[in-house]
Each structure stands twice: as structure tokens, then as C-alpha cells.
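Trainee: I would like to go through this model with you. Can we take it one question at a time?

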Amino acid sequence: MSFENLFEYSATQFEIVLSVFTLTAAVFAAVLVYSLATAGSISPRYRITSYLTGVVMVSAVLELGLLALRWSGSFSWNGEQYVLGGDLFSNGFRYMNWSIDVPVLLTQLLVVAGITGGVFFRRWASFVVAGLAMIWTGYVGQFDEVDGGAQFWLWGAISTVFYLWLLYVAWQTVQDAKASSSAPVARLLSAVWILFLVSWTIYPLAYLMPQLWDTANGVVARNLIYSFADISSKAVYGVLLAVIAQKVSAEDGFKPAIESSFWAPRTEAGVK
Ligand code: RET
């Protein structure tokens, strides 16, 4: 069971968690519109990254909506505090959502990095195997997060091994992409790598939270941390990949990309 069920919450603590879930869902809905609306300015070769961001956003809006409902259904106001009553709160939805989003986010990286042919399929297979193994072993471990026993640590450690493998393949992919890119695109790819490394590494920290900060405030912090990681690893990442894909499309001479480069000087953008 999730450690969220162990505590009672003040009105402020309860509201902060609920508002953060709602804000996160709203950010995802906004990025869904953004990625569909800007897809046409990306050349067909890379355009699938916009649609994949759309897939991630739909699944994440559903997940956050369900978490918000579950949070309000699990605790009720007794005149002084929010206390458990009704459903148990569960973070299990998160892991199920990652099962969709992690493979999709990694596929987007391969597409925007311009990896093709056999290398694409080999890396894709590594990403899917490592990603799902990481999530599902972690899922087993989190059932034991309240007592923090051997199961929790063992499954967490196995999950981390898969995570390190995944990070290595992602790093290789970004290095390959940088080697064949213009200087401005290479700089953006470095930014993607930092964003990736920081935002993904927050999830194992949230897994450890019940052992680090075992109070109602720890619960509030964990859910804020999850939302920060979710917005960075899905929404900001999706937008950044779209920007890179559009830049590369413009460099390849794809006209809608050149014409919609609103930050470029007018002559350079071909609008004389
Ligand atoms: C777990 C278990 C403990 C060890 C590790 C984990 C890693 C989780 C990660 C999740 C990333 C999720 C993303 C979701 C986006 O939708 C499973 C918490 C290493 C890296 C990016």
C-alpha cells in the first residue's frame, strides 16, 4: 500500500496535492494542443514526434485525472482534518502510465536523433526491454514501501540496474545525434540530455521518499516532486524535441519549417 494512506492532512496539505494534480493535468492538455497544432511545421520524417507527444499527453491527462479523483475519494473532512475513509490512495496508476509513456518518450528520442535502420531497431528493443523491466520491478517493490523491508530494497536495486542500462543507451543516442548535427542543434541536444537525466532521476528519489521523510509533509513533497518530474520529462521534453525537429526540418529545406521559424530574421526565414 502507498504511504499516502498513513497520515491525516490539514486542509492546506490536502488542497496543495489536489491543486498540483489539477495543474499538471492542465499543462498536459495545453501541450497536447501545442503538439498537434505545430505538427505541420515539422517535416514528415520527424513529424511522428509531435503525435507521440500527443499520445503521452492523453495518457498523462487520464492518469492525473484519476489520481485527483482517487485522492478526493480516499480522504474525507472530519471537521478538523482530512482522514482516510473510502478508497485507499494508490500510486499504482503512475507505474501503469509509465508503462506507456516511457517506451514512447524513448522512441521520440530515437526519431529526433535521426537514428535509422538496424541501429534504430536494436536501440528501440533495448529501450523497451530496459524501460518496462525498470518500471515493473519498481512496481513490485513499491508495494512494500510502508515497511521498507528487503523486498522494497531488492526490487528497487534490480530496477536501478535496468535504469542504468537505459541511461547508457540514451546517452549513446544523444552523442550520435550530436556528432551529425549543426552547432545550434547540438546545443539543444545537450539540453535534452540534461533535462532527461535530471527529470528521470527524480522518480527513484520519489520511490525512496517513504524512507526519507515519513510524514504528511513528506507526502505533499512527494506529490509535488512527481508533478515536477512529470511536467519536465513529458511536457517540456516533448516541446523541446518538437523545437529540435522543426530546426532540423528547416535545415533540411522543409518550407513550412522555414516559414514558421518565427524567431529567425525575416530574410533568413525566406519571407522577403
Ligand atoms: C523506480 C523504482 C526504483 C528504482 C528506479 C525507478 C525509476 C523510475 C523512472 C521512471 C521514469 C518515469 C517517466 C515517466 C514519464 O512518463 C521504478 C521508481 C530507478 C526512471 C520518465
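## Cavity, pocket and helix contacts

A search of the whole structure turns up 1 cavity of 30 Å³ or more. This is a predicted model, where local features need pLDDT of at least 70, side-chain atom pairs count only at pLDDT 80 or more, and totals for chains, interfaces and linings use all residues. Residues are numbered from 1 along each chain as its sequence is written, and side-chain values use heavy atoms, with hydrogens and water left out.

Trainee: How much space lies in the largest pocket?

Mentor: A pocket is an open set of grid points with protein on both sides within 12 Å along at least five of seven lines. Points are joined across faces, edges and corners, and the volume is the space filled by probe spheres set on them. For the largest pocket that space is about 460 Å³.

Trainee: Which element gives the largest share of the lining of the largest pocket?

Mentor: The lining has 25 residues, with W98, M134, S159, Y203 and P204 nearest the centre. Two or more residues come from each of helix 3 (92-112), helix 4 (117-142), helix 5 (150-179), helix 6 (183-212) and helix 7 (216-251); helices are DSSP runs (H or I, at least four residues), numbered from the N terminus. By class the lining holds 17 nonpolar, 5 polar and 3 charged residues. The largest share, 8 residues, belongs to helix 5.

Trainee: Are helix 5 and helix 6 roughly parallel or roughly antiparallel?

Mentor: Their axes come within 10 Å and cross at roughly 175°; axes are lines fitted to C-alpha atoms over the stretch in contact, with angles from 0 to 180 degrees between N-to-C directions. The residues of this contact divide into 18 nonpolar, 4 polar and 1 charged. Angles under 35 degrees count as roughly parallel and over 145 as roughly antiparallel. The pair is therefore roughly antiparallel.

Trainee: And helix 1 with helix 7: roughly parallel or roughly antiparallel?

Mentor: Helix 1 covers residues 11-38, and its axis comes within 10 Å of that of helix 7, crossing at roughly 10°. These two helices are therefore roughly parallel.

Trainee: Is D101 buried or exposed?

Mentor: D101 sits in helix 3. Leaving out residues up to four places away in sequence, D101 touches V56, S59, A60 and K234; contact means heavy atoms within 4.5 Å. Buried means under 20% relative accessible area and exposed over 50%, with a 1.4 Å probe and protein chains only. At 2% relative accessibility, D101 counts as buried.

Trainee: Where does F7 lie?

Mentor: F7 is buried at 14% relative accessibility. Beyond four places in sequence, F7 touches F75, D214, T215, A216 and V219. Its place is the segment before helix 1.

How values were computed: 1 Å grid on protein atoms, 1.4 Å probe; cavity = no way out; pocket = protein on both sides within 12 Å on 5 of 7 lines; lining within 4 Å. Nonpolar A, V, L, I, M, F, W, Y, C, P; charged D, E, K, R; others polar. Parallel < 35°, antiparallel > 145°, perpendicular 65-115°, else oblique.
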